[in-house]
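Please look over the sequence and the model below with attention to charged side chains. The briefing that follows is arranged by topic.

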Amino acid sequence: MKYHLIDKESIDTVLDKARQYRSLLEPDLAISICIDVFAIDPDNQQALVVYILALTDQLGLSNVKLSHKKITETIDRLDSEFERHYYTGIFLERKARGLLKHSMSHSFAYKGLMEAIAKYEIAEKIAPKHCSDPILRYNSCLRTIEKEGLKPREEFDELF
């Protein structure tokens with residue numbers, strides 16, 4: 001069997017559906033829709049963003065195998081330098097938040113959140129006028145670090 005192609009004129013409508021599936025916590029369906037869009041418009045920037053977000057929606061789920069390379073390669077396809085930094089921050093932040101579910105991973109979560117903060121700082125400097133998104137994410141990461149009492153990983157010179 002072969003996949004059916006969507007009509008190019010329906011892209012906006014189907015991307016609305018993909019966003020709706022994300023809000024219903026069904027990222028698999030959103031991902032499938034984005035793949036259908038890519039079949040007729042491989043560089044559709046809106047679809048790339050929804051795809052990245054739907055993939056990263058799954059980072060906190062323990063039962064999902066997810067290719068981090070696929071996420072970073074998709075981020076690299078974004079035309080906007082701002083969006084590449086911003087969505088890399090989203091990816092790093094969501095990956096770190098997934099680590100918070102495991103007490104032994106808190107120092108790694110700290111590192112991930114700090115990496116996300118660095119990306120948000122870059123994005124903030126090059127953000128479109130009146131865009132507060134990187135600031136909101138930066139502040140959220142910082143509040144999580146404070147709330148969870150996260151600290152950098154301690155390095156040990158000796159095991160004994």
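A salt bridge is taken here as a side-chain nitrogen of Lys or Arg within 4 Å of a carboxyl oxygen of Asp or Glu. This is a predicted model, in which local features need pLDDT of at least 70 and side-chain atom pairs count only at pLDDT 80 or more, while totals for chains, interfaces and linings use all residues. Residues are numbered from 1 along each chain as its sequence is written, and side-chain values use heavy atoms, with hydrogens and water left out. The structure holds 8 salt bridges.

**Asp57 and its partners**
- The side chains of Asp57 and Arg94 form a salt bridge with an N to O distance of 2.7 Å.
- Asp57 lies in helix α3 (residues 45-57) and Arg94 in helix α5 (residues 81-99), so this pair ties together parts that are 37 residues apart in sequence; helices are DSSP runs of H or I with at least four residues, numbered from the N terminus.
- Arg22, Asp57 and Arg94 are linked in a network of salt bridges.

**Glu93 and its partners**
- Glu93 is joined to Arg97 by a salt bridge of 2.9 Å, N to O, and both residues lie in helix α5, 4 residues apart, about one turn of the helix.
- Glu93 also meets Arg137 in a salt bridge of 3.1 Å, N to O.
- Because Glu93 lies in helix α5 and Arg137 in helix α7 (residues 133-148), the pair ties together parts that are 44 residues apart in sequence.

**Accessibility**
- Glu93 is buried, with a relative accessible area of 1%, where buried means under 20%, exposed over 50% and partly exposed in between, using a 1.4 Å probe and protein chains only.
- Arg97 is partly exposed at 27%, as are Arg137 at 23% and Asp57 at 25%.

Note on methods: Helix = DSSP H or I, 4+ residues; strand = E, 2+ residues; numbered from the N terminus.
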